[in-house]
Amino acid sequence: MSIQSFVSPDLIRQRFSRAMSDMYREEVPLYGALMELVAQTNAQVLSADSSVAQQLRTTGEIERLDLERHGAIRVGTAQELATLSRLFAVMGMQPVGYYDLTPAGVPVHSTAFRAVHETSLQVSPFRVFTSLLRLELIENPELREFAQSVLAKRSIFTPSTLALIEKSEAQGGLHEQDAKDFVEQALETFRWHHSATVTAEQYQKLSAQHRLVADVVAFKGPHINHLTPRTLDIDVVQAQMPKHGITPKAVIEGPPRRDCPILLRQTSFKALEEPIAFVDQGLASGSHSARFGEIEQRGAALTPEGRALYDRLLNAARDELKDFPNEENAQRYNTLLHAHFAGFPDTYAGMRQQGLAYFRYFVTENGLAAGGDLSSTETVESLINGHYIRFEPLVYEDFLPVSAAGIFQSNLGDDAQSHYASESNQQEFEKALGRSTINELALYAETQRRSILECCTALNLPPLA
Ligand code: OOG
Ligand code: NI
């Protein structure tokens, strides 16, 4: 056996993402309906606006669009999280970002497992938003101990999955048959189970503490709770959803509609009420709602300055609304959002000049024609002005804590709003994870830098910072 015959982690991730999508489509038919609506909308946008198509062709995003999706899971223990981290590593996915959702009343902290290099993202941008329940926030000590004891008894991975993770770590990868088995076995961790692991009464107690606690503790494993396709026009999809028998949440999370999309806009449909069986009762003796549908529209990744401006404008709009966005104030929220975001430049050139977003640079025909004749005193600015290079925004690959909390809340119901005095605790999260999380901003800066260096090489220029 040789090193060359390992299946690339990117390919394993691509296969896994497809297998997950097939499983979810079978389990949740509305997901299939949503996928169709999104595919139709994307086709319309691409045929109606050739500049969008051109931009996506330049960046290569057009090829990954149909593959694009993210999912989410919630786990209960440090050991589960640490093993998931190793499982995702087999597929080339690393924990990027730290999201604390406790300020928004959701007792979890999270990271997103995803590929980190632009060429890997191109093969499969599949991401999994992964939350760890903060059991220490359960005030009732008896209930906390009960939850801990239930979690201690379960194993969310099949023995073959664990063996294949170890094998991959030991030999540095997986060969074809192992990779196939890995995809099949790893899928089991994310499957929905119709039976709970607790009695009806225990479920009620957990749920009364927080519906999320019941969702994590009362089941065999961390069922995937949604899979989200990427759309090129989220407002169209939101408007069309009811016609397809899907009821969307009241507002789209994230920035308002703009000519030049930034970060991430998301909307979801309410979680389904699904029959489950408690251990002390028969088939379908109870019900649980956890699984929902979501769509997203991705825009430019922002620099720390851009992100600070985004946070400031979003908070200003929300402060003025004086309430969580809901059915009643949705219209007003949109108006406020638009008004405040007038303060965020809406051209890529403007965002670039003000250092608000990250970009990828490409050599133009003109640049190639100039070849080695350029002076070594060129700067990025002068190369752009001379039309030797051009730029496209880097797509935001991550998540937004305020939006994520909004998605959680809309699926947990308003009664799930709790107030936690606790501190955000990235260190504690990373201890559980068994490694540190990667700073997403550093990844974008690195990709931007690489693209400038590639331009310099192509233009025969010394490296520009
Ligand atoms: C995760 C909710 C967050 C997103 O896209 O922001 C999320 C969950 O409900 O487990 O998926
Ligand atoms: Ni999501």
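How far is an oxygen atom of ligand 1 from an N or O atom in the side chain of E294? The distance is 3.0 Å. This is a predicted model, where local features need pLDDT of at least 70, side-chain atom pairs count only at pLDDT 80 or more, and totals for chains, interfaces and linings use all residues. Residues are numbered from 1 along each chain, chains are lettered from A and ligands numbered from 1 in the order written, and side-chain values use heavy atoms, without hydrogens and water.

Back to ligand 1. One of its oxygen atoms is 2.8 Å from a side-chain N or O atom of H226, and for H70 the corresponding value is 3.0 Å. The protein covers 100% of the 320 Å² of accessible area that ligand 1 has on its own (Shrake-Rupley method, 1.4 Å probe).

Now the surroundings. Residues around ligand 1, with a heavy atom within 4 Å of it, include R74, F129, N225, Q266 and F408. By class, this shell holds six nonpolar, four polar and two charged residues. Strand β2 gives the largest share, three residues; strands here are DSSP runs of E, at least two residues, and helices runs of H or I, at least four, numbered from the N terminus.

Next, the metal. H70 (NE2), H226 (NE2) and E294 (OE) coordinate the nickel ion, ligand 2, at 2.1 Å. Donors are N, O and S atoms within 2.8 Å of the metal (3.2 Å for Na, K and Ca); water is not among the atoms, so sites may look incomplete. Along the chain the donors follow the spacing H-x155-H-x67-E. H70 in strand β2 and H226 in the loop between α11 (211–217) and β7 (227–229) are 156 residues apart.

Terms used
Polar contact = N/O pair within 3.5 Å; in protein donor to acceptor, adjacent residues only side chain to side chain. Nonpolar A, V, L, I, M, F, W, Y, C, P; charged D, E, K, R; others polar.
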